[in-house]
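I opened a notebook page for this structure. The entries below record what I looked up.

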Amino acid sequence: MSDKSNTAGGFGVGLLIGSVIGVSAALLFAPYRGKRTRQLLREKVDEIWDQGIEHVEEAHEQINEIADKAKKRIEEVINTAIKEGLSENNLGN
């Protein structure tokens, strides 16, 4: 589980750093006038924002799946412990 979270975190940091470098390079070497550059920049920011939201939604789904599995497993362990506890009490009497 920690490997996946480290990978996701590393990807997010890489995406952010790459975006900053890309935007900086675009501004420095922009072949367009200011208005067109701002429009392209706005489009790129929107694209990156949408990708970020997709990654957050995917992470949210994965967290919910893990939580559901953990909840089911905990319920199984509790039920098993209750059954074993009841059978031990019955055997002792």
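I began with a term: a salt bridge is a side-chain nitrogen of Lys or Arg within 4 Å of a carboxyl oxygen of Asp or Glu. The model is predicted, so I noted that local features need pLDDT of at least 70, that side-chain atom pairs count only at pLDDT 80 or more, and that totals for chains, interfaces and linings use all residues. Residues are numbered from 1 along each chain as its sequence is written, and side-chain values use heavy atoms, with hydrogens and water left out.

**Entry 1: overall**

I looked up the secondary structure and found two helices and zero strands. Helices (H or I, at least four residues) and strands (E, at least two) are DSSP runs, numbered from the N terminus. Helix 1 covers residues 2-28, and helix 2 covers residues 34-92.

Of the 93 residues in the protein, 2% are buried. Buried means under 20% relative accessible area, exposed over 50%, and partly exposed in between (1.4 Å probe, protein chains only). The protein exposes about 8300 Å², and carbon and sulfur atoms supply 60% of that area. Accessible areas come from the Shrake-Rupley method with a 1.4 Å probe; for residues, only the protein chains shown count as cover.

**Entry 2: salt bridges**

How many salt bridges does the structure hold? I found two. Side chains of opposite charge can pair when their charged atoms come close.

In one, the side chains of Glu-47 and Lys-44 meet at 3.5 Å, N to O. These two residues are about one helical turn apart, because they sit three residues apart in helix 2. Glu-47 is partly exposed at 39% relative accessible area, and Lys-44 is partly exposed at 40%.

Another joins the side chains of Arg-73 and Glu-76 at 3.3 Å, N to O. Both lie in helix 2, three residues apart, about one turn of the helix. Arg-73 counts as exposed at 51%, whereas Glu-76 is partly exposed at 43%.

**Entry 3: the second largest pocket**

I took its volume as about 220 Å³. On a 1 Å grid over the protein atoms alone, a cavity is a set of points where a 1.4 Å probe fits but cannot get out, and a pocket is an open set with protein on both sides within 12 Å along at least five of seven lines; lining residues have an atom within 4 Å of a point. Grid points are joined across faces, edges and corners, and a volume is the space filled by probe spheres set on the points.

Which helix gives the most to the lining? Helix 2 does, with five residues. Helix 1 and helix 2 each supply at least two. Among the lining residues are Ser-19, Val-23, Pro-31, Tyr-32, Leu-40 and Lys-44.

His-55 lies in helix 2 and is partly exposed at 35%.
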